[in-house]
Amino acid sequence: MQVDDSFEQPQDRDPGDDAAILALCLAMLAAGIYCLITGFGSRNGPAFTTSWQRLPTPTVTGPLVGGLFTLGVLAALVCAFAL
C-alpha cells in the first residue's frame, strides 16, 4: 500500500483507523435501516420528523436505531482520535 510516496505494510497501520472505519460502518448501517423502515430519503418521500413518527413501535425502534447510530459515531470518533 502506498502512502505519502512510501510503502507501508497493512500490519504497520494504526489499529484505531480500522476500528474507526468499522464503527462508522455501524452508524451508516443504522441510518440505512432507518431509511428502509420509514421511506425517508426516497424521491418525494416523507420529511425526517414525519418519518420518525411513522416508525413501527416507536418506543422500541426509535431508541434502538438512534442509539445504534450514536454508538457508531461516538465509537468512530474515539477510535480515530484516542487509539
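Helices (H or I, at least four residues) and strands (E, at least two) are taken as DSSP runs and numbered from the N terminus. On this basis the protein chain contains three helices and two strands, arranged along the sequence as β-β-α-α-α. The model is predicted: local features need pLDDT of at least 70, side-chain atom pairs count only at pLDDT 80 or more, and totals for chains, interfaces and linings use all residues. Residues are numbered from 1 along each chain as its sequence is written, and side-chain values use heavy atoms, with hydrogens and water left out.

Accessible areas were computed by the Shrake-Rupley method with a 1.4 Å probe; for residues, only the protein chains shown count as cover. The accessible surface of the protein chain is about 6000 Å², and carbon and sulfur atoms account for 67% of this surface. Residues are classed by relative accessible area as buried (under 20%), exposed (over 50%) or partly exposed (in between), with a 1.4 Å probe and protein chains only. Of the 83 residues in the protein chain, 19% are buried. A contact is defined by heavy atoms within 4.5 Å. Among contacts between residues at least 6 apart in sequence, 51% join residues at least 24 apart.

Helix α3 covers residues 58-81. The 24 residues of α3 reach 34 Å from the first C-alpha to the last, close to the 34 Å expected at 1.5 Å a residue, where the expected span is 1.5 Å times one less than the number of residues. The buried residues of α3 include T61, G62, V65, G72, A76 and C79. An α-helix has 3.6 residues a turn, so residues three or four places apart point the same way. T61 is buried because its relative accessibility is 12%. Leaving aside residues up to four places away in sequence, T61 touches I37, L55 and P56.

Helix α1 spans residues 15-38 and includes A20. A relative accessibility of 11% is why A20 counts as buried. With residues up to four places away in sequence not counted, A20 touches A76, C79 and A80. The C-alpha atoms of A20 and V78 are separated by 7.7 Å, although these residues are 58 apart along the chain.

A nonpolar surface patch of about 500 Å² is formed by F69, V73, L74, L77 and F81. Patches are made of residues with over 30% relative accessible area and no salt bridge, with like charges joined within 9 Å and nonpolar side chains (Val, Leu, Ile, Met, Phe, Trp, Tyr) within 5 Å; a salt bridge is a side-chain nitrogen of Lys or Arg within 4 Å of a carboxyl oxygen of Asp or Glu. V73 belongs to helix α3 and is partly exposed, at a relative accessible area of 30%.

Two loop residues have positive phi values. N44, in the loop between α1 and α2 (48-53), has phi near 55° and is not a glycine. Its relative accessibility is 79%, so N44 is exposed. T57 lies in the loop between α2 and α3 and has a positive phi of about 40°, also without being a glycine. T57 is exposed because its relative accessible area is 52%.

A disulfide is counted when a pair of cysteine sulfur atoms lies within 2.5 Å; the count is zero. C35 is partly exposed, with a relative accessible area of 31%, whereas C79 is buried at 13% relative accessibility.
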